[in-house]
Amino acid sequence: MGHQFVLLISATIFCVGAAGFLIRKNPLIMFMSVELMLNSVNFLLIGFSSFQKSMDGQIFALMIMTVAAAEVVVGLAIILTIFRTRHDMDVDHINTLKG
Amino acid sequence: MFSYCWFILISPLAGFVLLSWFGNGMSRQRAGFLGCASVGISFLITLIALTSFLLGGENEKGGISTLYNWVTAGSFSLNMSILVDPLSVFMLLIITGVGFVIHVYSIGYMEKDPEFSRFFSYLNFFIFSMSLLVLAADFFFLIVGWALVGLASYLLIGFWKEKTSAVLAARKAFVMNVIGDVGMVIAAFIIFDHLGTLSFLEVFAAAKTTFRPNDDTILLITVFLLVGAFAKSAQIPLHTWLADAMEGPTPVSALIHAATMVTAGVYLIARCHVLYELAPFTMYLIATVGVVTAIFAGSMAMVQYDIKRVIAYSTMSQLGFMFLAVGLGMYSIAMFHLMTHAFFKALLFLSAGSVIHGLNEEQDIRKMGGLRHSMPITHITFLIGSLALAGFPLTSGFFSKEAILINSYHADMGNIVFWAMAILGAIMTGFYIFRVYFYAFSGQPRTDVTAHESPLIMIAPLGLLAFLSLTAGFGGGMIDDFLVNYFGTHMSHPDDVLLETIGLSAGLIGIVGAVGFYMTGKDRLEFAKQILAPLYDLLFNKYYIDEIYDFLIVKPTRATGAFLEKRAERLGIDFAVDQVGSQVREVSRLISLWQSGSVRLYAFNMIVGVVTILMFVVFL
């Protein structure tokens, strides 16, 4: 595998995640898209880590996964609360902060 | 020296404080007693000071009593001090003496008033302010006293605060007086600027060496001081407030607007005579305004129907005589007339008050008549006051007015015009006061109201003042000897039998004229009114001065105000403020469109942003 391959895969996954986040209306799916984007970055880090024979990138990837896990905990809790109060999961309807 | 004279100030001030704090809970007797006693004490202390002067125990020129240094700022230093000299003691005798008599009278006059103690607290406040005015040892405290008597006058004119006309009159008096105060303050500034001090004695000593006669500066100083004097003493052109001030209770008119406060202008010029002698031009101006006011006010007094207004115009007229006297350098004579006028004018006002009281607040002389039967004592006292005012031989007014008349020709600056105008004023005096006398006391009653004589507490002060009005004229020599220590010159007694005879007969001619018009039936009166109708209307409407001021000052000011309100305020200031508000709101609305509330739009913007930045970083 060469550099281009890793970059291409990573960019593709990132774009899929970004597109998913912009297109979908279900917050759960949007969450998963966010995870995709995060993991595309992880992939890049691990790939370059192995090219350069350095462990720094892999440690960063572990750190990102930890933060992502924590983030998911908070995010899911918020989503759950929104669902309980509104019985509606469409993000386009959650616009009470509209100016 | 003279430190006990501070109690002349402290006593009425204490009376004022006690009456205003505890007056509501006091019985009428106690409040009245307190009000009178505080002024009585001042009078007794003044008598002590007078005695010490007469016995020669003190320096005959008087002296300054200083409590402490109040302010020191750079070269400026102001002491808490009073100047006790013949002139201030002379004024204090009138203020506290006549003031005490009027306080006693007020107990009777105000007996039914629900705010009895408030009235007395104001009266005491006035006595305090007026004493401060004449005791001041420098221009600063003079101005303080000057302004405080204006305030006291305002409070007392508007004492019956439920009467709109009284409140308006009080406001008018206050505004007019403040014009004068401003003049005084400017004069004090100029004095301090040139001489570096405000103390009377230092200013007078320095002025003699600093200024040449008719210097620009000394003219400015004297003229600005004159503005204050004219406003306080109701001389042309600042005279319109005095007649309206008659809306106040009658004892107030007697005390403030006849005997004491309105004479402050004369006092001021006499006090500052050193400055005025350096400004012969201003002296001439004073004499001219004085004599013009004398006949101007006298002519208005001839046609008014309100008994108090007639006496008020008479006061202006007599003040005009005093100004004529000081303007011609006859200070002692002016002070002499000031004193006799205080007696007989207070007597006239209090007698008029007795009439008003007896007729249940009726002030229109057309509704009076025949009062000599129902109010015999008031009749006698009013007659005595009228005779003294008209200058009937051997009454007090005769001596003082005769001295002014003859000196208006024989004084250094006197001339035949001053003399002729003064004689004309004297004729009017006899006429207008006896017109009132005949209207009120002779003939038959014109209304059903049965008049009743006033109680003893009002009659006794009348008797005392009547006695003084008859006899005070014989004290002229004593007053001259006493005041010469301040003025440095004696009254002059030119021997001129012809002028004396004419002066003597002037008042009598006026009286005879009044007899001719008002004792012998109405026909002649109506006839005169018809042929002199335009003149009569002019006088009755007070030369339309109020209307002229209204037209020249009040209306343009109001119009300017309305114009600015409509144009500058609404279209300028309001518009600008509103625009600032609405523009901020509009911009905020545009910015808030970005806050769509759509999560996906936010994310899209974020991505676009990041990508844009990346493009810049990578390709530029």
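Predicted model: local features only at pLDDT ≥ 70, side-chain atom pairs only at ≥ 80, totals over all residues.

**A close look at B:Ala390**

Tutor: Let's start with B:Ala390, which sits in helix 17 (residues 376-390) of chain B. Leaving out residues up to four places away in sequence, B:Ala390 touches B:Thr429, B:Gly430, B:Ile433, B:Phe434, B:Gly507, B:Gly510 and B:Ile511. Take B:Ile511 from that list: 121 residues separate it from B:Ala390 along the chain, yet their C-alpha atoms are 7.7 Å apart.

Helix 19 (residues 416-441) of chain B and helix 22 (residues 497-518) of chain B have axes that come within 7 Å and cross at roughly 35°. The crossing of helix 19 and helix 22 of chain B is right-handed. On the helix 19 side, the contact includes B:Thr429, B:Gly430 and B:Phe434, while helix 22 brings, among others, B:Gly507, B:Gly510 and B:Ile511. By class, this contact of helix 19 with helix 22 of chain B has 15 nonpolar, six polar and one charged residues.

Among the residues making the contact are B:Phe125, B:Phe126 and B:Met130 of helix 4 and B:Trp146, B:Leu148 and B:Val149 of helix 5. The contact of helix 4 with helix 5 of chain B divides into 15 nonpolar, two polar and no charged residues.

Then there's helix 14 (residues 307-327) of chain B, whose 21 residues should span 30 Å at 1.5 Å a residue; its end C-alpha atoms are 30 Å apart, so the two agree. Since 21 of its 21 residues are buried, helix 14 of chain B is largely enclosed by the rest of the structure. Just after helix 14 of chain B, B:Gly329 takes a positive phi of about 85°.

Finally, the chains themselves: the contact takes eleven residues from chain B and ten residues from chain A. On the side of chain B that touches chain A, helix 26 (residues 599-619) of chain B gives the most, with five residues. By class, that side of chain B has five nonpolar, five polar and one charged residues.

Terms used: Residues numbered from 1 in each chain as written. Chains lettered and ligands numbered in written order. Helix = DSSP H or I, 4+ residues; strand = E, 2+ residues; numbered from the N terminus. Contact = placed C-beta atoms within 7 Å. Nonpolar A, V, L, I, M, F, W, Y, C, P; charged D, E, K, R; others polar. Expected span 1.5 Å × (residues − 1). Buried ≥ 20, exposed ≤ 12 C-beta atoms within 10 Å, placed from the backbone. Axes fitted to C-alpha atoms, helices over the stretch in contact; angles between N-to-C directions. Left-handed = near helix turned anticlockwise from the far one by under 90°.
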